[in-house]
Amino acid sequence: MPLQNRVTPLGDLIATPERGLVFGNRGRLHDDERRIRRAWALKRWIACRLEFRGRYHGAMPPGRYTGLFFLDEATAFAAGHRPCAECRRADYVRFTEIWGARAEAIDARLHAERLGPRREETVDELPDGAFVLRDGQPWLVLGDTLLRWTPGGYADRVARPHGQATVLTPPSLVEVLRAGWNGDVPFLHPSA
């Protein structure tokens, strides 16, 4: 039975057998029976490598943080996660240089953006890697298309529409994408 630790671009935690290409956490979200009890435990939401120095303590060990999985880094960004300062040190340094701040300020800003209302933007002006809502579903902006997100990869493709759409990716992370972000973990799943 899959654990409820896969993250959607909406930031929701779902149970699905697909694991994804990026690991991360938001603190300890589960109880001793491995049931999710809260959406986050701290403001520091990070996206990590799947493997780092051979460490792995399990996805939901008692008393430890809840390991989360993302389809790719674009999904992690849409959910409001930033690169880890330990296992992705070079990415973290580049990210803070683009942002112009250190972790505490970044985490506080992202937390406020995650809790705030979603905004409308012109789809034509969004960078590749941003997510929008279309018919209530998350869609990735990529080139002249939108790709529908699923836990196992990107499915349907439609032409990038003109006009406004609700943007899922927090505004600060949209700006990081506009700056040409390219990290060391898979930014896009191969299905894109």
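Start by selecting glutamate 51, which sits in the loop between β4 (46–48) and β5 (68–70). This is a predicted model, so keep that in mind as you click around.

Next stop: arginine 82. Look for it in strand β6 (residues 82–83). Is arginine 82 buried or exposed? It's buried, because its relative accessible area is 2% and the cut-off is under 20%. Show the side chains here and pick out aspartate 107: its side chain makes a polar contact with the side chain of arginine 82, at 2.6 Å. Then bring up the other neighbours. Leaving out residues up to four places away in sequence, arginine 82 touches Asp107 along with Arg44, Trp45, Ile46, Ala47, Tyr92, Phe95, Ala103, Ile106 and Leu110.

Last, head for the second largest pocket. To land at its centre, select Leu10, Ala79, Arg114, Leu115 and Arg118, which lie nearest to that point among the 24 lining residues. The pocket volume is about 320 Å³. Colour the lining by class and you'll have 14 nonpolar, 4 polar and 6 charged residues. Which helix gives the most to this lining? That's α3 (residues 103–115), with 3 residues.

Conventions
Residues numbered from 1 in each chain as written. Predicted model: local features only at pLDDT ≥ 70, side-chain atom pairs only at ≥ 80, totals over all residues. Heavy atoms only, no water. 1 Å grid on protein atoms, 1.4 Å probe; cavity = no way out; pocket = protein on both sides within 12 Å on 5 of 7 lines; lining within 4 Å. Points joined across faces, edges and corners; volume = space filled by probe spheres on them. Helix = DSSP H or I, 4+ residues; strand = E, 2+ residues; numbered from the N terminus. Nonpolar A, V, L, I, M, F, W, Y, C, P; charged D, E, K, R; others polar. Buried < 20%, exposed > 50% of the residue type's maximum accessible area, 1.4 Å probe, protein only. Polar contact = N/O pair within 3.5 Å; in protein donor to acceptor, adjacent residues only side chain to side chain. Contact = heavy atoms within 4.5 Å.
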